[in-house]
Amino acid sequence: FKVGHGALQPQRLDQLLDIAPDAIIELDEDQRILTFNRGAQQTFGYRAEEVLGQPLDLLLPPRFVEAHRRHIHDFAATPEVTRYMNQRPEVSGRRKDGTEFPAQVSLSKFTEQGQTFFLAILQDITERKQHESALRLYKDALNSTAEAIAITDLEGHILDVNPAFERSTVYSGAEALGQKLSLIKSQHSTPEFYREMWKQILSHGFWSGEIINRRKNGQEWDSLLTISTVKDERDQPVAYVGINRDITEMKSLQLEREALYQAEREQRQLAEALRDTAAALNSTLSVDETMDRILGNLGRVVPHDSANVMLLDAEAQTTRIVRRRGYTEGSLDDAALTARLYSLAEMLVLRRMAETRQPVALPGVRADPDWVVFPESAWVRSYLGAPICLKDQVIGFINLNSAMAGHFTSAHVEQLLAFA
């Protein structure tokens, strides 16, 4: 053996072989063990004196003994001097306790005084195989999960994504790698939202919450996002893992359930209000008390800021307020208000209901040319009214007002008609 320009003395060679971490085994041409270094002793569990002079078979699983003998015999007959680890398939070794382990071997041969000797350098690859298996398991899990997963560096640049990420975002892995995760950010979350999110990630190592993402095609989707910090063996952060669960369908179903619950609740309120109104009409209550009961029940079903009931003098084509609720500042007192007569010739909205016997909804009263502004109703922004009919004749009106434009809906119209 030669190193540089000096001869490697046997004593120095033995020292080098002994400190080598790999298992180094020298064989004679009969495949008996001549050298068994410290790395080999640690790998196989034998002391050197236990194996020196023994056949190599001692270190092999019995089922592979014949194949190994043929391989070394064939190698001896070739002009090759060395077969490196990456040129040979994986082999199996057997320890003193009988356990087997995977290994890679480089095999060399040399001739001295007419005899052929073999030198095997063996690496126990058990740990590497375990890492490879864990990596395959990780990749399989990453590829099979339905959640969109992205791994980023500490600056937020994407290092890896799974197929679910590609499906959810419509970005291919090649398009996403190297980009910042803000690639899929929508405009719904404020800078303050992200500051608080990263504050929690940096202080607690994770964050979870709902967020709206944006696909490559611009379509938005609701996501339950969890971001976790990946740390090394020194407990230092090295990466982040973001897991996006698409909850768009779940949110849609939730909204449907809430809408259904709200509709059922409104129907119950309407039924209860109508029962109470019917009871009031059939009771011995005074007219004013009955009107108050009707307006109170109406307020449970159709939210509003003020309401009144008007009776119509069909012959004179005038109407007046007989009961009201919700009028405060700028309002006339009840006596003055009930004494005032309103002509249908001027109150064109009321005239429209009297002629069509249909309700009127004004989402913006100022935009309707028929609306008349009085000091006590200058605050009104939207209006809903319905004619009160008796035997196909209009005898009055129920009027609801709101300070918010666009307040009344088509559902409110149907609910009001149940009282009229």
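Author: Let us begin with Tyr383, which counts as buried at 3% relative accessibility; buried means under 20% relative accessible area, exposed over 50%, and partly exposed in between, with a 1.4 Å probe and protein chains only. The model is predicted, so local features need pLDDT of at least 70 and side-chain atom pairs count only at pLDDT 80 or more, while totals for chains, interfaces and linings use all residues. Residues are numbered from 1 along each chain as its sequence is written, and side-chain values use heavy atoms, with hydrogens and water left out.

Reader: How is an aromatic pair described?

Author: Two aromatic rings are described by the distance of their centres and the angle of their planes. Rings of Phe, Tyr and Trp (its six-membered ring) pair if their centres lie within 6.5 Å; planes under 30 degrees apart count as stacked, over 60 as edge-to-face, and the rest as tilted. The whole structure holds nine aromatic pairs. One of them is the edge-to-face pair of Trp198 and Tyr240, with 5.2 Å centre to centre and 70° between the planes. This pair links distant parts of the chain, 42 residues apart: Trp198 belongs to helix α8 (residues 191-204) and Tyr240 to strand β13 (residues 237-246). Helices (H or I, at least four residues) and strands (E, at least two) are DSSP runs, numbered from the N terminus.

Reader: Are Trp198 and Tyr240 buried or exposed?

Author: Trp198 is partly exposed, at a relative accessible area of 33%, whereas Tyr240 is buried at 7%.

Reader: What kind of pair do Trp371 and Tyr383 form?

Author: Trp371 and Tyr383 form a tilted pair, with 5.3 Å centre to centre and 55° between the planes. Trp371 lies in the loop between β17 (360-362) and β18 (382-390) and Tyr383 in strand β18, so the pair ties together parts 12 residues apart in sequence. Trp371 is buried too, with a relative accessible area of 17%.

Reader: Which residue lies over the face of Tyr194?

Author: A charge sits over a ring if NZ of Lys or CZ of Arg is within 6 Å of the ring centre and within 35 degrees of the ring normal. Lys185 lies over the face of Tyr194, at 5.1 Å from the ring centre. Likewise, Lys109 lies over the face of Phe75, at 4.9 Å.

Reader: What does Ser186 touch?

Author: Contact means heavy atoms within 4.5 Å. Leaving aside residues up to four places away in sequence, Ser186 touches Tyr194, Ile212, Asn213, Arg214 and Glu220. Ser186 is placed in the loop between α7 (173-176) and α8, and is buried at 1% relative accessibility.

Reader: In which order do the six strands form an open sheet?

Author: Strands of a sheet pair through backbone hydrogen bonds, either parallel or antiparallel. Two strands count as paired if DSSP finds at least two bridges between them. Here the order is β16-β15-β14-β19-β18-β17, with antiparallel pairing. The edge strands, β16 (342-343) and β17, each pair on one side only. Nine bridges join β18 to the antiparallel strand β19 (residues 393-402), and Leu390 stands opposite Gln393 in β19.

Reader: Where does Gly156 take a positive phi?

Author: Gly156 takes a positive phi near 90° in the hairpin of β9 and β10, which has five residues between the strands. Strand β9 (residues 148-152) and strand β10 (residues 158-161) run antiparallel and are joined by three bridges.
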